[in-house]
Amino acid sequence: EALDRQPSPELRPADTPPGLPFADLDIDATGGALEWPPLLSAMELPEVKSDTARALMNASLSDRLVAETVRLAGQVQEGLAEEGLFLQDLAPRHAARATWMDYASGKRSKAIARDLSGITDDVALTLGRTRLRSEAEFRDIALRFVASYQRLIARVAEETGAETRLIELAETAGGRAFLLMAQLTGAFEQPLDPADA
């Protein structure tokens, strides 16, 4: 059962707990889009102390959307871990490429929701739903993350090789976080709020 969507307050950089992946990213930075391989690596949410994470952090500063999405994905990951749910343990069934393209272009329907709702682990769904319902701050972060990821895939859908790239993105740790949060909040069936675009 999808949770009812509610407005989310503005999430400021100060709201980011220390130590999360890419917690110090300046999301007000502007610049060109991050290249594909670094973007995928960033969405794997590497440990912040690693050389790879530091290099990706610097690279992500040029891409405001990626910086924001990765930061929020890290917060979602931390919240789920507190419930004993780890993204690497999720093994979602991935939707067809055509379905991802339809979703990225803004289409919403029950059929799209059925295809994209690939998390079937009852424990994962219960733990995720519990966190969303019991902690308003986490719910706000999760909704912001879903909206940010939607903007990211809308951009990816306009690029060469988009069908393959959307699947590759969904297979990252950040992608798995999106699959779970979108499924639990009804974002696969619900039209995209123009305010989130």
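A residue counts as buried when its relative accessible area is under 20%. The model is a predicted one. Its chain holds nine helices and zero strands. Along the sequence, the pattern reads α-α-α-α-α-α-α-α-α. Among contacts with a separation of 6 or more, 84% join residues 24 or more positions apart.

The largest nonpolar core contains 52 residues. Within this core, the residues that touch the most other members are Trp100, Tyr103, Leu169, Phe178, Leu180 and Met181. Eight elements each supply at least two core residues: α1 (36–43), α3 (64–82), α4 (97–104), α5 (110–116), α6 (122–134), α7 (136–156), α8 (162–170) and α9 (173–185). The greatest contribution comes from α7, which gives nine residues. Leu180 shows how the core draws on separate stretches of sequence. Beyond its neighbours within four places in sequence, Leu180 is in contact with Leu80, Leu85, Leu90, Ile119, Ala124 and Leu125.

Two of these contacts of Leu180, Ala124 and Leu125, belong to the packing of α6 against α9. A helix pair of this kind is described by the angle between the axes and the distance between them. For α6 and α9, the angle is about 70 degrees and the axes lie 10 Å apart. Angles of 65 to 115 degrees count as roughly perpendicular, so α6 is roughly perpendicular to α9. The crossing of α6 past α9 is right-handed. On the α6 side, the contact involves Ala124, Leu125, Gly128, Arg129 and Leu132. On the α9 side, Leu180, Met181, Gln183, Leu184 and Thr185 take part. Six of the residues in this contact are nonpolar, three are polar and one is charged.

Two further residues illustrate burial. Ser148 lies in helix α7. Is Ser148 buried or exposed? Its relative accessible area is 0%, so Ser148 is buried. Apart from neighbours within four places in sequence, Ser148 is in contact with Leu65, Glu68, Thr69 and Leu72. Leu45 sits in the loop between α1 and α2 (51–60). Leu45 has a relative accessible area of 5% and is therefore buried. Leu45 and Thr172 are 127 residues apart in sequence. In space, their C-alpha atoms are 8.4 Å apart.

How values were computed: Residues are numbered from 1 along each chain as its sequence is written. This is a predicted model: local features need pLDDT of at least 70, side-chain atom pairs count only at pLDDT 80 or more; totals for chains, interfaces and linings use all residues. Side-chain values use heavy atoms; hydrogens and water are left out. A nonpolar core is a set of buried Ala, Val, Leu, Ile, Met, Phe, Trp, Tyr and Cys residues joined through side-chain atoms within 4.5 Å. Buried means under 20% relative accessible area, exposed over 50%, partly exposed in between (1.4 Å probe, protein chains only). Helices (H or I, at least four residues) and strands (E, at least two) are DSSP runs, numbered from the N terminus. Contact means heavy atoms within 4.5 Å. Axes are lines fitted to C-alpha atoms, for helices over the stretch in contact, and angles run from 0 to 180 degrees between N-to-C directions. Angles under 35 degrees count as roughly parallel, over 145 as roughly antiparallel, 65 to 115 as roughly perpendicular and the rest as oblique. A crossing is left-handed if the near helix is turned anticlockwise from the far one by less than a right angle, and right-handed if clockwise. Ala, Val, Leu, Ile, Met, Phe, Trp, Tyr, Cys and Pro count as nonpolar, Asp, Glu, Lys and Arg as charged, and the others, Gly among them, as polar.
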